[in-house]
Amino acid sequence: MSLVAEAFVTQIAAAEPWPENAALYQQLKEEQILLSDNASSLAVQAFLQMCNLPVQVVCRANAEYMSPSGKVPFIRVGNQVVSELGPIVQFVKAKGHSLSDGLDEVQKAEMKAYMELVNNMLLTAELYLQWCDGTTVEEITHPRYGSPYPWPLNRILAYQKQWEVKRKMKAIGWAGKSLEQVLEDVDQCCQALSQRLGTQPYFFNKQPTELDALVFGHLFTILTTQLTSDELSEKVKNYSNLVAFCRRIEQHYFEDHDKDSSASAASKSSKGYLPS
Amino acid sequence: MAAPMELFCWAGGWGLPSVDPDCLAVLTYARFTGAPLKVHKVTNPWRSPSGCLPALKTKEEGVLSQMHQIITHLRKQKYNADYDLSARQGADTLAFVSLLEEKLLPVLIHTFWVDAKNYVEHTRKWYADAIPFPLNFFLPNRMHKQHLERLQLIWGDSCLEDEEELEKEMYREARECLTLLSQRLGDQKFFFGDSPASLDAFVFSHLAPLLKAKLPSGKLQQHLKSLQNLCDYCSSILSLYFPWDGGDAPSSAPKTSASQGAETEEEPYKRRSQILSVLVGLAAMIGYAFLSGIVSIQRGPPGAAGPRPIAMEEEEEEEE
């Protein structure tokens with residue numbers, strides 16, 4: 001889109017208020033969605049909750065293909081479709097809702113940097129674990145990923161996606177890493193987040209921002225998802241302030257929905273609540 | 001640490017000790033911490049022990065090839081630039097490094113290697129001049145393809161096809177990243193006070209090539225130049241830590257002892273290829289001369305062999 005067209009669209013976006021029927025699309029919760037996609041989806045849901053914008057979660061088997069950028073989740077607001085947390089934050093800002101307006105420039109820089117830290121380390125580690133670790137791939141990922149489709153399509157799609165993710169890992173230099181090194185990286189990332197959070201309720205003191213939503217999405221999903229081994233969630237549990245942080249956000253923003261809450265819904269036989 | 005570790009890295013150019021951001025980061029970190037490294041500046045990646053640059057040859061762990069691994073190894077050897085940092089500053093380091101790698105590095109790769117004008121007129125030219133024959137015919141192109149593939153995987157295939165969209169989105173985010181770095185640095189000398197840390201090495205290695213290279217089409221470069229504190233920051237690190245090997249092109253003589261080893265290593269190659277080409281030329285001429293009969297060797301008694309054929313030829317000529 002040219003600059004003029006985008007300005008035009010932003011104007012339209014700003015002009016319309018947030019509709020009641022905004023929808024967030026992700027893959028099927030019970031059988032299909034994987035750890036990394038669930039984390040991203042939860043982050044967006046948390047963000048919209050924090051902005052007090054109602055959104056309905058719709059599960060579709062082909063959500064990945066419907067998305068304009070190929071990544072889930074994406075939201076449909078009116079007749080516009082936006083995917084991924086970054087663009088969604090900007091879209092919501094154009095509509096006049098923002099969580100990070102109260103931050104000064106240095107804090108905004110830090111917020112962006114920490115969001116990239118989560119994307120760079122946590123998300124990549126999740127992808128590595130899902131697609132490059134033999135046992136997880138066989139027992140969890142392959143059966144789940146293609147489950148809505150008949151044989152042989154389910155196998156083909158799973159292998160295709162795996163090949164794509166492995167190429168990306170090679171390009172960014174993660175292909176040579178062993179599982180221990182990846183878990184070590186997760187530990188470093190959690191340590192950094194824990195130190196930045198300290199004893200504050202949210203990362204930028206009193207008010208949650210998109211960084212809080214993103215961290216919550218990833219950490220909560222890691223803590224409540226059952227994988228072949230508990231090593232990943234153990235790494236996060238080592239930092240008690242992060243666990244308390246997740247519980248705080250869950251109680252504050254997701255306690256209204258009880259049974260069909262997206263935060264506590266089962267995903268890979270998740271425990272549904274934070275372990276104490 | 002009995003024997004110093006050996007580091008193989010790309011040679012210098014454009015006023016920098018090394019043209020590659022990864023190599024530059026390792027060099028800068030080593031300078032900051034005073035790590036004793038024997039530096040081999042090469043222009044041929046096949047000469048490095050692992051086949052790619054940068055590469056650190058250590059006694060304990062063999063050859064390490066990725067920038068992060070090398071810096072971690074140096075840290076383990078007690079050359080730690082982050083020793084004085086608080087826990088919070090250490091966390092900030094990780095975060096800003098991730099920001100650089102996600103937002104700025106892909107756009108840097110695009111600017112140097114994928115953007116058509118820059119690649120053809122600047123990057124490829126430098127590498128083709130620097131890399132020895134015959135690798136300079138295909139290595140730059142191969143590196144170009146590798147970088148292009150890497151960008152396609154990171155950004156998604158559709159993004160690269162639509163140049164305008166790409167330029168708008170990615171370059172905007174890169175400019176924002178530069179502005180954020182500038183705001184974080186503020187008036188300070190280094191990111192965490194008065195002594196340099198690993199974050200400074202990373203930031204410097206990414207910004208310095210962008211600042212110093214003479215790119216024909218440099219939108220990002222112009223934005224960087226408008227951020228005065230970042231420009232001053234790069235120049236001060238260059239003048240403080242790399243005062244004398246502000247890299248000349250590898251063909252002219254660098255002045256540091258560190259790269260003298262590299263210089264003498266390159267000299268025999270140059271000399272060798274010169275001698276080789278002269279010999280090949282001579283052999284071609286002599287071979288042609290023999291084959292077409294201009295010169296011939298006749299086996300006969302020494303001394304008499306020479307004059308007689310000529311005398312006979314003269315007689316023949318006289319007869320005619």
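Predicted model: local features only at pLDDT ≥ 70, side-chain atom pairs only at ≥ 80, totals over all residues.
Residues are numbered from 1 along each chain as its sequence is written, and chains are lettered from A and ligands numbered from 1 in the order in which they are written. Local features need pLDDT of at least 70, side-chain atom pairs count only at pLDDT 80 or more, and totals for chains, interfaces and linings use all residues, while side-chain values use heavy atoms, without hydrogens and water.

An annotated region of chain B comes first. An unreviewed UniProt entry places the feature "domain: Metaxin glutathione S-transferase" at residues 174–237 of chain B; UniProt positions follow the numbering used here, feature names are shortened, and annotations may be inferred rather than shown by experiment. In the model, residues 174–237 of chain B are 70% helix and 0% strand, and the end C-alpha atoms of this span are 22 Å apart. Helices (DSSP runs of H or I, at least four residues) and strands (DSSP runs of E, at least two) are numbered from the N terminus.

Most residues other than glycine have a negative phi, and most peptide bonds are trans. In chain A, the bond from Val72(A) to Pro73(A) is cis, with omega near 0 degrees, and Pro73(A) belongs to the loop between α3 (63–66) and β3 (74–77). Trp151(A) and Pro152(A) are also joined by a cis peptide bond, with omega about 0 degrees; Pro152(A) sits in the loop between α6 (134–145) and α7 (153–171) of chain A.

Positive phi values occur at Asn52(A), near 65 degrees, and at Trp14(B), near 60 degrees. Asn52(A) is found in the loop between α2 (35–50) and β2 (56–59) of chain A, whereas Trp14(B) is in the loop between β1 (5–10) and α1 (21–33) of chain B. Accessibility is classed as buried (under 20% relative accessible area), exposed (over 50%) or partly exposed (in between), using a 1.4 Å probe and protein chains only. Asn52(A) counts as exposed because its relative accessibility is 68%; Trp14(B) is buried because its relative accessible area is 18%.

The cysteines complete the account. A disulfide is a pair of cysteine sulfur atoms within 2.5 Å, and by this rule there are zero disulfides over all chains. For Cys189(A), the nearest cysteine sulfur is that of Cys190(A), 5.6 Å away. Cys189(A) is buried, at 0% relative accessible area. Cys23(B) is likewise in no disulfide, and the nearest cysteine sulfur, that of Cys9(B), is 5.2 Å away. Cys23(B) is buried, with a relative accessible area of 0%.
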